[in-house]
Amino acid sequence: MSGMTADTGALRELTVGTGAGLDTADMVLNIGPQHPSTHGVLRLKLVLDGERVVACEPIVGYMHRGAEKLFEVRDYRQIIVLANRHDWLSAFSNELGVVLAVERMMGIEVPERAVWLRTALAELNRVLNHLMFLGSYPLEIGAITPVFYAFRERETLQAVMEEVSGGRIHYMFNRVGGLKEEVPAGWTGRAREAIGEVRRRLPDLDNLIRRNEIFLARTVGVGVLSAAEAAAFGASGPVARASGLDLDLRRDEPYLAYGSLDVPVVTKSTGDCHARFEVLLDQVYVSLDLAERCLHEVDRIGGPVNVRLPKVVKAPEGHTYAWTENPLGINGYYLVSRGEKTPWRMKLRTASYANVQALATLLPGCLVPDLIAILGSMFFVVGDIDK
């Protein structure tokens with residue numbers, strides 16, 4: 001194939017794979033920034049040799065909304081609404097990290113009832129997050145039915161979250177010092193009923209996909225991430241635990257009421273796409289049990305759900321770091337205060353940002369169809385990468 005080069009006008013000869021014995025040229029292909037398989041505006045710059053990936057460079061930043069700079073001009077009540085939005089599937093957990101950091105700076109002790117309620121809601125939020133991926137991941141590799149089952153369970157729990165907070169996605173229910181308000185009368189009973197319903201029906205989704213032979217063929221042995229690589233990239237959450245990295249802050253550095261709970265940590269050793277899916281699925285059963293235990297405690301404990309704060313909330317001068325076991329992995333919140341009503345600096349360490357780095361190692365050597373399977377199994381939210 002011949003062509004004119006733009007600068008010199010000279011002819012350039014390029015041989016592209018036309019048969020045995022000839023050299024072939026690698027193709028550079030962009031997947032994204034807008035592509036159905038990328039979960040949002042993520043760009044993957046691939047070098048392909050035929051259908052095999054030679055190299056991959058994840059390019060992020062297309063969705064950057066400057067949340068960390070916006071924190072600096074919002075007071076401590078207003079930053080919660082921004083934190084809600086970077087991982088829009090884990091809004092309650094995002095809020096939690098921010099308020100925990102501020103409460104630690106101010107030396108606030110949150111009422112016990114609020115602590116148990118927060119823990120229950122955080123676990124329900126974890127289930128909602130996981131159900132979204134348990135439905136959408138099979139969809140990306142050709143299995144349509146699971147998403148209907150996953151959304152049936154999501155709607156059951158969404159109704160519970162909506163009743164308590166007024167929001168379906170962005171709950172805005174945490175406050176510095178506790179929760180926005182007391183839960184509605186009889187809510188804990190209705191929440192337990194919803195949990196029981198989801199637990200009874202979850203095997204419908206489980207049996208449909210976990211041992212499906214087509215799903216197994218697409219995911220077993222594909223996109224293997226070793227424990228050492230997971231640790232080197234700073235991966236956490238289900239992605240890291242599927243590789244055998246036995247790390248969960250709820251057990252290892254308890255916050256909220258987790259120190260009073262027995263938290264089973266789901267791990268696998270194979271580190272492939274199927275292991276990541278299984279960790280997510282098994283975690284749903286664990287989180288439903290934890291949420292139910294917390295709700296029993298809430299029924300037992302009376303008292304307020306927040307502490308009275310001054311009209312203007314100011315954190316004392318200093319800095320602190322709070323981290324939480326978010327649904328997608330470890331989220332860190334580094335807060336620096338100069339004694340004013342706004343943070344001087346609030347740095348986010350998000351799970352998705354660390355996890356997506358591993359794609360540069362996972363994708364080379366795989367085929368393009370496997371790329372879709374691997375990408376979906378890394379369980380990231382693009383807003384959580386770009387913040």
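The legends below describe several close-up views of a predicted model.

**View 1. Helix 4 packed against helix 5.**
Helix 4, which covers residues 112–140, packs on helix 5, residues 146–165, at an angle of about 155°, and the axes of the two helices lie 9 Å apart. Because angles over 145 degrees count as roughly antiparallel, helix 4 is roughly antiparallel to helix 5. The crossing of helix 4 past helix 5 is left-handed. On the helix 4 side, the residues that meet helix 5 include Leu-121, Leu-124, Val-127, Leu-128, Leu-131, Met-132 and Pro-138, together with Asn-125, Asn-129, Gly-135 and Ser-136. On the helix 5 side, the residues in contact with helix 4 include Pro-146, Val-147, Phe-151, Leu-157, Met-161 and Val-164, and also Glu-153, Arg-154 and Gln-158. Sorted by class, this contact between helix 4 and helix 5 has 16 nonpolar, five polar and two charged residues.

**View 2. Ile-141 in the loop between helix 4 and helix 5.**
Ile-141 belongs to the loop between helix 4 and helix 5. With a relative accessibility of 13%, Ile-141 counts as buried, since the cut-off for that class is under 20% relative accessible area. When its neighbours within four places in sequence are left aside, Ile-141 is in contact with Phe-215, Arg-218, Thr-219 and Ala-373. For orientation against another view, the C-alpha atoms of Ile-141 and Tyr-76 are separated by 43 Å, and these two residues are 65 residues apart along the chain.

**View 3. Helix 4 packed against helix 11.**
Helix 4 also packs against helix 11, residues 273–300, at an angle of about 155° and with the axes 8 Å apart. Helix 4 and helix 11 are therefore roughly antiparallel to each other, and helix 4 passes helix 11 in a left-handed crossing. The contact of helix 4 with helix 11 has, by class, 20 nonpolar, four polar and four charged residues.

Three strands form an open sheet in the order 3-4-5, with antiparallel pairing. Strand 3, residues 27–31, and strand 5, residues 52–59, are the edge strands, each of which pairs on one side only. Neighbouring strands of this sheet are turned against each other by 25° on average, with direction ignored. Strand 4, residues 43–49, pairs with strand 5 in the antiparallel sense over seven bridges. Within this pairing, Asp-49 stands opposite Arg-52 in strand 5, and Leu-48 stands opposite Val-53, likewise in strand 5. In a regular strand the side chains alternate between the two faces of the sheet. Strand 4 and strand 5 form a hairpin with two residues between them, and in the turn Gly-50 has a positive phi of about 65°.

Strand 8, residues 318–326, and strand 9 pair in the antiparallel sense over nine bridges. The bridge partner of Trp-323 is Gly-332, which lies in strand 9.

**View 4. Thr-342 in the loop between strand 9 and strand 10.**
Thr-342 is located in the loop between strand 9, residues 329–337, and strand 10, residues 345–349. The relative accessible area of Thr-342 is 15%, and this residue is classed as buried because the value is under 20%. Not counting residues up to four places away in sequence, Thr-342 touches Glu-72, Val-73, Arg-74, Asp-75 and Tyr-76. Tyr-76 is also the residue whose C-alpha atom is separated by 43 Å from that of Ile-141.

Leu-256, in the loop between helix 10 (249–252) and helix 11, has a phi near 50°, a positive value in a residue other than glycine. Phe-379 is part of the loop between helix 14 (368–377) and helix 15 (382–386), and its phi, near 50°, is again a positive value in a residue other than glycine. Phe-379 is buried, with a relative accessible area of 2%.

Technical notes:
Residues numbered from 1 in each chain as written. Predicted model: local features only at pLDDT ≥ 70, side-chain atom pairs only at ≥ 80, totals over all residues. Heavy atoms only, no water. Axes fitted to C-alpha atoms, helices over the stretch in contact; angles between N-to-C directions. Helix = DSSP H or I, 4+ residues; strand = E, 2+ residues; numbered from the N terminus. Parallel < 35°, antiparallel > 145°, perpendicular 65-115°, else oblique. Left-handed = near helix turned anticlockwise from the far one by under 90°. Contact = heavy atoms within 4.5 Å. Nonpolar A, V, L, I, M, F, W, Y, C, P; charged D, E, K, R; others polar. Buried < 20%, exposed > 50% of the residue type's maximum accessible area, 1.4 Å probe, protein only. Pairing = 2+ DSSP bridges.
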